[in-house]
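User: I would like to go through this protein with you, one topic at a time. Please keep the answers plain.

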Amino acid sequence: MAMARPRARLYKLVTRQTPQSITWCLGDSKIASGMASFKNTCSYTPVSNVAAVLAIAVLVLAAPAAASVPDASVSVHLEALLAFKKAVTADPNGTLSSWTVGAGNGRGGFPPHCNWTGVACDGACHVTSIELVETGLRGTLTPFLGNISTLQLLDLTSNRFGGGIPPQLGRLDELKGLGLGVNNFTGAIPPELGELRSIQVLDLSNNTLRGGLPSRLCNCSAMIQFSVFNNDLTGAVPDCIGDLVNLNELILSLNNLDGELPPSFAKLTQLETLDLSSNQLSGPIPPEIGNFSSLKIVQMFENQFSGSIPPELGRCKNLTMLNMYSNRLTGAIPSELGELTNLKVLLLYGNELSSEIPRSLGRCTSLLSLQLSKNQLTGSIPTELGKLRSLRKLMLHANKLSGTVPTSLMDLVNLTYLSFSENSLSGPLPANIRSLQNLQVLVINTNSLSGQIPESIANCTSLYNASMAFNEFSGPLPAGLGRLQNLEFLSLGDNKLSGDIPEDLFDCVNLRTLDLAGNSLTGSLSPRVGRLSELSLLQLQGNALSGEIPEEIGNLTKLIALQLGGNRFAERVPASVSNMSSLQKLTLQQNCLDGALPDEIFGLRQLTILSVASNRFVGPIPDAVSNLRSLSFLDMSNNALNGTVPAAAGNLDQLLTLDLSHNRLAGAIPGAVIANLSTLQMYLNLSNNMFTGPIPTEIGGLTMVQSIDLSKNRLSGGVPATLAGCKNLYSLDLSANNLTGALPAGLFPQLDVLTSLNISGNELDEDIPSNIGALKNIQTLDASRNAFTGAIPAALANLTSLRSLNLSSNQLEGPVPDSGVFSNLSMSSLQGNAGLCGWKLLAPCHHAGKQGFSRTGLVVLAVLVLAVLLLLLLVTILFFGYRRYKKKKGGSTRATSFLEDFVVPELRKFTYSELEAATASFDEGNVIEFAYMRTVSPKADVFSFGVLMMELFTKRRPTGTIEEDGVPLTLQQYVDNAISRGLDGVLDVLDPDMKVVTEGDLSTAADVLSLALSCAAFEPADRPDMDSVLSTLLKMSKVCGGD
């Protein structure tokens, strides 16, 4: 943020010999003691006051005593002065009280106006100077001033004049100095001022002038100093700016000028002070600037300059200040800058510089401030910087520096400010940091510094700010920190510090911020913490502190934030917390605090953030919660709170986030409370409780809330249509309740920013509304375990942002879309919907008139094998029947011996009635089965078919050795175990040479193996008959049809 510019300073004029011999004296810009804020002290180089340039009064005193008789122009001048006074509307100091016309002449024979305050005349009684600086005059500027043709100086600096600048001032041919700065002038700069050919100093700064810089000003070739800073000027720097070849001060800062610097800019070689800061100028910095040999001060910060820093700047040997921060400069920091031995201030931060820090900067031994932060500088910190013994401020933070901290930096004994945070520096902090006894600010957070914090840091007794968080410092906190009596800010959070908090730390009684969070500190919190009475921020969260919270903590009455979460504090919250009347943030989550919620907390009326989550608090939420009217964040989750939500909670009308989840709250969600929480913008979480009854319709009044979670309760009734009023809702979870009925038809078009919706585990029914496609930003949708019917809305396939969808365990039917999220959906997301068809893992959707079916390779193979087995069975029966017949006829011994090797089922004779019953009146499909059975039954032994299928699909022989985890298994047990593990198990046992391309193929293989396993059951009665097997195979073939 740009700071206000200081008012122009006044300087005295030195005159030599004659009026034509005027020496212009430019005051030096002092560098502020302590270098506390260079932007405040170095951002403006003042133009020498116009009175210092032209003290016409001195010339008047040198005029002859005997004045000539005034000519007619004198009366014109008098009228112009009276018109000036008339235009003044306020004169709080009575400055113009002497501006009256008396009866006689003025003193010494001069007309009366030559003796008026602020007015000076020459020997001919012509007005030559009007100087009314810091007089508090208010009004407008009269155009009649343009009639005072002899006027050489008009200085109205630091008043309250407003309105426009009269263009008639351009008629003042002899005007050498015009000072209108620090007023309220508006409008454009009159182009007529370009006619002031004698003008040498023009100061229009600190007004509200608009428009551009008139190019006619380039006619003022005698101009030495030109300032328009802190206005609202726009447009580009005039192309003719180089015509002002005598300029030694050009101050255009704090405007809205844009565009690139014109080529003629290179002609301004007499410049000593150049201030273009705080505009919108762009383009490269002209390398010709290296020819400005008189240049002392360059202010180009807060623009949009791009490209590299010209190395030619190294030729400007007189430079004392070079400020180019907050631009878009890229490339390297020129090593040539090391030649600027007079340079006191070098500010290049906030650019995109990407080189290493040049070692040559170690030769700039006059440097008081070196600020290179917020770039992309790489490499290590040069050890040569340790030679800058005059340096008071070194800022290198927010770069990409690596390596260790050079010990030579500890030689900079005049340093008051050292910052190299937000880099990738590693290693220890040098032990000789004790030498920096003038150091006031040490900011080294967010690196990878390691080791113990040196105990010698306790010698830096001037230190008031030590920010060392987000490193890898380990070990205990150093002893002796109590000697840092000036310390106000100590941040050591997010390191690896361990051990107890040293007692002497509580001797730093001026501490206002103490951050030890995110370490591994142990032990108890000392009662001496109560000595830090100036503390406004105490952060101890994320450690392993234990014991009770000391009662003395109530002495910290200036605390604004107390953060003790993530420790092991036990017992009760001390009653003394009620003394912290200014407390705005209290976080006690993730401890072992117990008992009822303490009433003292609810007396802290300034609280905006309260978290007591994940403790052991019991009992109801007290009505006193209504006292916390300023609360914006309330988290009481993960406790054992019971009872209902008190009506008093409705008074928390500033809440942005409310989390009461994971408790034992019961009863209805009070609609009146919800109605009063209309300010909720972030989060409403009432999940994992025992709330009953309907979702209150008032929930639709939460028009700004972004997340609602009411899951895992016992809520009943329907989803309220008023939820459509939650137009900023990103996440909605109503899962695991007892909600019933249909989803409101107009709900989804209103929730067009919703990204996550979970309504699973309810009893919602009817169709899923087709306008669910209005959820253009939805990413996760879970509607499983309900009773939805009808078809899946085709619009779901058009939701390009949808990444996760679960519609399982409903009563959906009809075709499944095959595009969008459905193209990569798993079967588990649709299972439990018997009526669904189509898609890659489901049965095809058959249309009227379609006949026949097609088989996949697996089913074709199974059916063919079955046919072959039936044929083989018939041939075998006939063969053995024939062999038995031959044996009875006295066949050869060899044939007999061969037949005895087989166990042949005995074929007995059956009566005609038995045959007829068993074969369903000699049905063709049952004749063979009956012939193979030993008893009268329509079931055939399909054992061989089952074994053959298992052998074929697994490439395992039934007589081979099969083991799992060292346990021998039969082929049937092997397949049965695989099927029990689902499709993954089936895939594990399939023949690797069997090409299973899709999940549908794998599912078919599992079905065939299940059928084969049933055919190979131990008890024949448990096996299906051949008719059932064939029927099953035909059904499987139809499911796989359409190939």
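User: To begin with, which cysteine forms a disulfide with cysteine 837?
Analyst: Please note that this is a predicted model. Cysteine 837 is bonded to cysteine 845, with the two sulfur atoms 1.8 Å apart. The torsion about this S-S bond is about 105°, so the disulfide is right-handed.

User: Is cysteine 837 buried or exposed?
Analyst: Cysteine 837 has a relative accessibility of 13%, so it counts as buried, the cut-off being under 20%.

User: How many disulfides does the structure hold?
Analyst: There are three disulfides. With the bonded cysteines counted along the chain, they follow the pattern 1-2, 3-4, 5-6.

User: What about cysteine 114, which residue is it joined to?
Analyst: Cysteine 114 is joined to cysteine 121, at an S to S distance of 2.1 Å. The torsion about that bond is about -100°, so this disulfide is left-handed. Cysteine 114 and cysteine 121 are both buried.

User: And cysteine 218, what is its partner?
Analyst: Cysteine 218 forms a disulfide with cysteine 240, and their sulfur atoms lie 2.0 Å apart. Here the torsion about the S-S bond is about 75°, so the disulfide is right-handed.

User: Where in the chain do cysteine 218 and cysteine 240 sit?
Analyst: The pair links distant parts of the chain, 22 residues apart. Cysteine 218 is in the loop between β12 (208-211) and β13 (225-227), whereas cysteine 240 is in the loop between β14 (232-236) and β15 (249-251). Both cysteine 218 and cysteine 240 are buried.

User: Is cysteine 508 buried or exposed?
Analyst: Cysteine 508 is buried, again with a relative accessible area of 0%.

User: Let us turn to the overall fold. How many helices and strands are there?
Analyst: The protein has 14 helices and 64 strands. It has 1043 residues, of which 50% count as buried. Among contacts with a separation of 6 or more, 52% are between residues 24 or more positions apart.

User: What is the strand order in the open sheet of six strands?
Analyst: The order is β27-β29-β31-β33-β35-β37, and the pairing is parallel. At the edges are β27 (402-404) and β37 (520-521), each of which pairs on one side only.

User: How many bridges hold β35 to β37?
Analyst: Strand β35, residues 496-499, pairs with β37 over two bridges, in the parallel sense.

User: New topic: cavities. How many are there of 30 Å³ or more?
Analyst: The count is ten cavities of 30 Å³ or more. The largest cavity holds about 60 Å³ of space.

User: Which residues line the largest cavity?
Analyst: The lining includes Ile621, Val625, Leu634, Pro646 and Leu677. By class, the lining residues are eleven nonpolar, no polar and no charged.

User: Finally, where is asparagine 777?
Analyst: Asparagine 777 is in the loop between β57 (763-767) and β58 (780-782). At 37% relative accessibility, asparagine 777 is partly exposed.

User: What does asparagine 777 touch?
Analyst: Leaving aside residues up to four places away in sequence, asparagine 777 touches Asp752, Val753, Leu754, Thr755 and Ser801. The C-alpha atoms of asparagine 777 and threonine 800 are 8.2 Å apart in space, and these two residues are 23 residues apart in sequence.

Key:
Residues are numbered from 1 along each chain as its sequence is written. This is a predicted model: local features need pLDDT of at least 70, side-chain atom pairs count only at pLDDT 80 or more; totals for chains, interfaces and linings use all residues. Side-chain values use heavy atoms; hydrogens and water are left out. On a 1 Å grid over the protein atoms alone, a cavity is a set of points where a 1.4 Å probe fits but cannot get out, and a pocket is an open set with protein on both sides within 12 Å along at least five of seven lines; lining residues have an atom within 4 Å of a point. Grid points are joined across faces, edges and corners, and a volume is the space filled by probe spheres set on the points. Ala, Val, Leu, Ile, Met, Phe, Trp, Tyr, Cys and Pro count as nonpolar, Asp, Glu, Lys and Arg as charged, and the others, Gly among them, as polar. Two strands pair if DSSP finds at least two bridges between them. Helices (H or I, at least four residues) and strands (E, at least two) are DSSP runs, numbered from the N terminus. A disulfide is a pair of cysteine sulfur atoms within 2.5 Å. Buried means under 20% relative accessible area, exposed over 50%, partly exposed in between (1.4 Å probe, protein chains only). Contact means heavy atoms within 4.5 Å.
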